[in-house]
Amino acid sequence: MTNKTIMITGGAGFIGSELVRQLIADTDFFVVNVDKLTYAGNLASLQEVSDHPRYKLEKADIGDAANIGRILREHDPAAIVHLAAESHVDRSIDSAAPFVQTNIVGTFILLEQAMQYWSALGSAAREKFRFLHVSTDEVFGSLGETGFFHESSPYRPSSPYSASKAASDHLARAWHHTWQFPVLITNCSNNYGPCQYPEKLIPLTILNALAGKTLPVYGQGLNVRDWLFVSDHVRALRRVLEAGTPGSTYNVGGNSERTNLDVVHAICERLDELLPNSPHRPHASLISFVKDRPGHDLRYAIDATRIRSELGWMPEETFDSGIGRTVEWYLENRNWWRRIRPEKQHNRKLRRKGFDAYPASLASG
Ligand SMILES: NC(=O)c1ccc[n+]([C@@H]2O[C@H](COP(=O)([O-])OP(=O)(O)OC[C@H]3O[C@@H](n4cnc5c(N)ncnc54)[C@H](O)[C@@H]3O)[C@@H](O)[C@H]2O)c1
């Protein structure tokens, strides 16, 4: 890349903040973080880089064309990594509008602005420019008990979230096909790790268990996900950005299939070991099965052969090591999650579904 700035959208989120932290720690890139700071954006995740001379926050909506155009002209990035999205399936079932607005319309506006900016670059910078669109394996729908998602698997999204991500993948791919805009796409399996908003299975389970609240598990807990530690996903994104072929898609997965029930048990066992004096031991006694969500995909599993063989990427964490690190992180970083203000309206919806919403410590924090 000719200049040294990377623009990241959604850099205050779970995966984006890990990318920002890694780029500041391991490279000499300048990082511009374009984030609207929705409920999921958390500046505490960026505390260690917030005063760094190579880091800049631009609070902006990707759907605000004029602002995005200004940011591009001002910061002159050599690449864009697009992570900004509404990301929670359950919320998309309650209300799909923000998903359509940010994931589809927002991505469209970002692509238009980025292509305008790219078209005006000199030929050397234009040649090296990259737009990495970060997506999910959920666009492929559900697998049966066997088989894997490949880069050529048909798109069969099931939820409003995955449908909106699928639409954004199609837009990004069309911008490459039609105008040769240098798009790369990644489709990754479920991530877990530090700084994940406590509405997703793993952090919700950890925090509810700490507070002695019920651990909600959908249906019989038999849905299978291929879990990947967030730092491994981010290393995959960096590798695709460096060496991926424009117009290509890369599937990213951890080869770590677990049922939701396995995941919750692994967390409970880790907490039992780490908190021998907890009144809530054994934490698994807090497990409570709740009515399954509509259209819940049974199984996702990724064949990551392409990114492994073409780009030499491999995950470094196993599920056992990663879940241990994650539980320890939530125990050691109570201020990070205590500061999150629960949203009363959303919690009411969760309770109606039989969920215990957020732990009391969060509600009073
Ligand atoms: N979490 C996963 O397991 C996973 C797996 C595969 C792919 N992905 C994809 O990776 C990306 C990041 O996921 P995450 O889990 O970090 O999400 P997240 O919900 O933790 O973070 C999303 C970030 O985007 C920002 N944002 C939302 N709407 C915006 C808008 N209109 N303009 C600017 N910023 C906006 C939020 O403030 C937040 O900081 C998403 O595109 C998601 O689809 C996530």
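Which residues does the domain assignment of the chain give to domain 1, and which to domain 2?

**View 1. The two domains of the predicted model.** Domain 1 takes residues 5-192 + 228-252. Domain 2 takes 201-223 + 257-294 + 318-364. The C-alpha centres of domain 1 and domain 2 lie 28 Å apart.

**View 2. The contact between domain 1 and domain 2.** Seven residues of domain 1 and nine residues of domain 2 take part in the contact. Helix α3 (residues 89-94) gives three residues, the largest share of the side of domain 1 that touches domain 2. By class, that side of domain 1 holds five nonpolar and two charged residues. It has no polar residues.

**View 3. Helix α7, residues 201-210.** The cut-off for a buried residue is 20 or more other C-beta atoms within 10 Å of its own. The buried residues include L201, I202, P203 and L204. T205, I206 and L207 are also among them. N208, A209 and L210 are buried too. Just after α7 comes G212, with a positive phi of about 70 degrees.

**View 4. The shell around the ligand.** How many residues surround the ligand? The shell has 30 residues. G10, G13, A40, G41 and A85 are the closest. Helix α1 (14-26) supplies at least two residues of the shell. So much holds for α4 (97-119) and β5 (130-136) as well, each with at least two. By class, the shell divides into twelve nonpolar, 14 polar and four charged residues.

**View 5. Strand β1, residues 5-9, and its partners.** Four of the five residues of β1 are buried, so the strand is largely enclosed by the rest of the structure. β1 pairs with two strands shown here, β2 and β4. Five bridges join β1 to β2 (residues 30-35), and the two run parallel. Within this pairing, T9 has V34 of β2 as its bridge partner. The pairing of β1 with β4 (residues 79-82) is also in the parallel sense, over four bridges. Here I8 has V81 of β4 as its bridge partner.

**View 6. The β-α-β unit of β1, α1 and β2.** β1, α1 and β2 together make a right-handed β-α-β unit. Its helix, α1, also supplies at least two residues of the shell around the ligand. Its strands, β1 and β2, are joined by five bridges.

How values were computed:
Residues are numbered from 1 along each chain as its sequence is written. This is a predicted model: local features need pLDDT of at least 70, side-chain atom pairs count only at pLDDT 80 or more; totals for chains, interfaces and linings use all residues. Domain bounds come from an automatic or database domain assignment. Two residues are in contact if their C-beta atoms, placed from the backbone, lie within 7 Å. Ala, Val, Leu, Ile, Met, Phe, Trp, Tyr, Cys and Pro count as nonpolar, Asp, Glu, Lys and Arg as charged, and the others, Gly among them, as polar. A residue is buried if 20 or more other C-beta atoms lie within 10 Å of its own, exposed if 12 or fewer, and partly exposed in between; C-beta atoms are placed from the backbone. A residue is near a molecule or strand if its C-beta atom, placed from the backbone, lies within 6 Å of it. Two strands pair if DSSP finds at least two bridges between them. A crossover is right-handed if, with the strands pointing away from the viewer, the path from the first strand over the helix to the second runs clockwise.
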